[in-house]
Amino acid sequence: MNAPSVVDHERLRPRDVKTLLLSALGGALEFYDFVVFVFFAIPLSHLFFPPDTAPWLAQLQVFGIFAAGYRARPLGGIVMAHYGDKLGRKRMFTLSVFLMAVPTLAIGLLPVYAQIGMLAPLLLLLLRVVQGIAVGGEVPGAWVFVAEHVPPKRIGFACASLTSGLTVGILIGSLVAAAINSRMSPAEVLDYGWRLPFLAGGAFGFLAVWLRRWLSETPVFEAMHARKELASGLPLRRVFERHLPGVLLSMLVTWMLTAAIVVLILMTPSLVQSAFHVVPSLAFLGNSVASFALALGCLFYGWLADRIGYARALLAGAIGLLACGY
């Protein structure tokens, strides 16, 4: 688990660029599947709960189901990281996309409350939990995957390119939501329009599975496998024994980042519609601009981290986020 880097070149080679592009594209398609749910929180609140439920309560329940996906992410991360250390990064990298595609497609085919009663929100919750498990394995596994493919001095940009790809998934979700809400009436969205992004997301997920066939296992894992240095026992225990302070610090930073993304990017379109009566198409158009800026910002800070260090780049980004939040 402590194997040194076996990448002996300093610049990104064409093969490295291909790996980053395919990883980012697959990540974008998978993260679209994960976040498009919240962009249709208002239609889902009308369709999956009793009609006499107060609108604010129904929407709160939808956000609760959305949050359940986040609660399931640690489980997916721990389990898939465990097998990623034992069976290979690429296998788990591909499995996570498949696990995301299936429930996303199923949500698009799900009967609503008027058809099956309370079973509808329960099934929605179950599928959302599976999505959370999938993305919990995808994101950290993807960072490890790209980091082990590139030179040590390019790890910041490699991880940033993957993160930028994930935010492009948010951008795609915003654009899809804007297109549906601008071309369809509210009645059409409630009738069948809300299903379209989930059905498309399922197709995107299977496309991402196919794309990852062209990726190769990381040089680090292959070297560890050749030297018979793969993790024995429980990898998680060794991580906590040797790197507990770093793990705790990373968790705190991740909580800050996740809170910012969820509130400022994912929940804002629904909130401005409910609180300020902004039309859906305009709300999602504004969110698309923010998502595009987020994707560019990821690349910039990844480039910066490789030059001034991760801690300084993180501090600069945190200060900027705090200022923008106020």
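Predicted model: local features only at pLDDT ≥ 70, side-chain atom pairs only at ≥ 80, totals over all residues.
Me: Noted. How many residues does α3 have, and how far does it reach?
Reply: Helix α3 covers residues 55-87, which is 33 residues. From its first C-alpha to its last it reaches 47 Å, close to the 48 Å expected at 1.5 Å a residue.

Me: Where does α3 bend, and by how much?
Reply: The bend is at Ala72 and comes to about 30 degrees. A proline, Pro74, follows within four residues.

Me: Switching to charges. How many salt bridges turn up in the whole structure?
Reply: A search of the whole structure gives four. One of them joins the side chains of Asp85 and Arg89, at 2.7 Å from N to O.

Me: What else does Arg89 pair with?
Reply: Arg89 also forms a salt bridge with Glu148, where the closest N and O atoms are 2.9 Å apart. That pair links distant parts of the chain: Arg89 sits in helix α4 (residues 89-108), while Glu148 is in the loop between α6 (119-147) and α7 (155-183), 59 residues apart. Asp85, Arg89 and Glu148 are therefore linked in a network of salt bridges.

Me: Nice. Are those three buried or exposed?
Reply: Asp85 counts as buried, at 18% relative accessibility. Arg89 is buried too, with a relative accessible area of 11%, and Glu148 is buried at 13%. They get that label because each value falls under the 20% cut-off.

Me: Which residue does Glu138 bridge to?
Reply: Glu138 forms a salt bridge with Arg212, with the closest N and O atoms 2.7 Å apart. This pair also links distant parts of the chain, with Glu138 in helix α6 and Arg212 in the loop between α9 (195-211) and α10 (219-226), 74 residues apart. Both Glu138 and Arg212 are buried.

Me: While we're on α6, at what angle does it pack with α7?
Reply: The angle is about 140 degrees, and the axes of α6 and α7 are 9 Å apart. Their crossing is right-handed.

Me: Which residues meet there?
Reply: From α6 you have Val139, Ala142, Trp143, Val146 and Ala147. They meet Ile155, Ala158, Cys159, Leu162, Thr163 and Leu166 in α7.

Me: Why would residues spaced along a helix point the same way?
Reply: An α-helix has 3.6 residues a turn, so residues three or four places apart point the same way.

Me: Okay, what about Gln131: where is it, and is it buried or exposed?
Reply: Gln131 lies in helix α6. Its relative accessibility is 0%, so it counts as buried.

Me: What is Gln131 in contact with, leaving aside neighbours within four places in sequence?
Reply: Gln131 is in contact with Asp33, Phe34, Met100, Pro103, Thr104 and Ile107.

Me: Last one: what is the phi of His277?
Reply: His277 has a positive phi of about 60 degrees, although it is not a glycine. For background, most residues other than glycine have a negative phi.

Me: Where is His277, and is it buried or exposed?
Reply: His277 is in the loop between α11 (235-276) and α12 (280-308). At 66% relative accessibility, His277 counts as exposed.

Notes. Residues numbered from 1 in each chain as written. Heavy atoms only, no water. Buried < 20%, exposed > 50% of the residue type's maximum accessible area, 1.4 Å probe, protein only. Helix = DSSP H or I, 4+ residues; strand = E, 2+ residues; numbered from the N terminus. Expected span 1.5 Å × (residues − 1). Bend = angle between axes of the 7 residues up to and from the residue. Axes fitted to C-alpha atoms, helices over the stretch in contact; angles between N-to-C directions. Left-handed = near helix turned anticlockwise from the far one by under 90°. Contact = heavy atoms within 4.5 Å.
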